[in-house]
Amino acid sequence: MRRIIAITYVSLDGVMQAPGGPEEDPSGGFVHGGWAMPRWDEMMNGLLAELLDRPFALLLGRKTYEIFAGYWPHHTDNPVGRKFDAAVKYVMTRRLDRLDWAGSERVDAAGVARLKSGDGPQIHVWGSGNALRALTAAGLVDEYRLWIFPLILGGGKRLFEPGLPATALTLADTKVSTTGVVINTYRPAGPVALPAEGLGKAE
């Protein structure tokens, strides 16, 4: 059984749009592109290197795939680029006719379930909000690694939108960078627990 791990940079108000740069995703009039970079530190570099040290495959939505495919194959001198370029890339898309990045193949939600039940390395989901919400709704994500930045962006694409199934999470690990970024690892823990009838009510 392969594990699906979602790795997401997110603001305190839940925005995940365009953390890496101004041109990454300005859709919807988003003007805060690159918000994650000023908060980056060496501790986060170390965590990223540790994360990429084990074998992994990538699972990406269309938009994130296009961003990555336009950048990382041209930056294999960077350790992240080298790892991403070498990894198998599974792409959840109906719109792209061609997948030009070497090692890329198309997959749908049913295909992801088959991948998960087979043998192979961990599957990392970076960004890919729409694909990630579909995976969450299908109960396919084993772990959420949320890099929570101390910022309120006030608008933009959010990680968890209304309509997803209610799910409890267990906090498996937490770390804090020198710049106040909290890196939390959560694992699904079944349905949301509700209080027993009458608990908390006035006599």
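Tutor: With a relative accessibility of 3%, Trp-147 counts as buried, a word used for residues under 20% relative accessible area, while exposed means over 50% and partly exposed in between (1.4 Å probe, protein chains only). The model is predicted, so local features need pLDDT of at least 70 and side-chain atom pairs count only at pLDDT 80 or more, whereas totals for chains, interfaces and linings use all residues. Residues are numbered from 1 along each chain as its sequence is written, and side-chain values use heavy atoms, with hydrogens and water left out.

A pair of aromatic rings is described by the distance of the centres and the angle of the planes. Rings of Phe, Tyr and Trp (its six-membered ring) pair if their centres lie within 6.5 Å; planes under 30 degrees apart count as stacked, over 60 as edge-to-face and the rest as tilted. The structure holds 13 aromatic pairs. One of these is the stacked pair of Trp-40 and Trp-147, with 5.6 Å centre to centre and 10° between the planes. Trp-40 belongs to the loop between strand E1 (4–11) and H1, and Trp-147 to strand E6 (residues 143–149), so the pair ties together parts 107 residues apart in sequence. Here helices (H or I, at least four residues) and strands (E, at least two) are DSSP runs, numbered from the N terminus.

The pair of Phe-68 and Phe-84 is also stacked, because the ring centres are 5.4 Å apart and the planes stand at 20°. As Phe-68 lies in helix H2 (residues 62–71) and Phe-84 in helix H3 (residues 79–86), this pair ties together parts that are 16 residues apart in sequence. Both Phe-68 and Phe-84 are buried. One aromatic cluster includes Trp-40, Trp-147, Phe-68 and Phe-84, together with others, among them Tyr-9, Trp-35 and Phe-149.

The loop that holds Trp-40 comes between E1 and H1. At the start of H1, a side-chain oxygen of Asp-41 reaches to within 3.3 Å of the backbone nitrogen of Met-43. Helix H1 (residues 42–53) has 12 residues and should span 16 Å at 1.5 Å a residue, which agrees with the 16 Å between its end C-alpha atoms; the expected span is 1.5 Å times one less than the number of residues. Within H1, the buried residues include Met-44, Leu-47, Leu-48, Leu-51 and Leu-52. They cover an arc of only 130° around the axis, which puts them on the same side of H1; the arc is that of the directions from the helix axis to the C-beta atoms. On the face turned away from this buried side, H1 carries the exposed residues Glu-42, Glu-50 and Asp-53.

Technical notes: A polar contact is a pair of N or O atoms within 3.5 Å; within protein, one must be able to donate a hydrogen and the other to accept it, and residues adjacent in sequence count only if both atoms are side-chain atoms.
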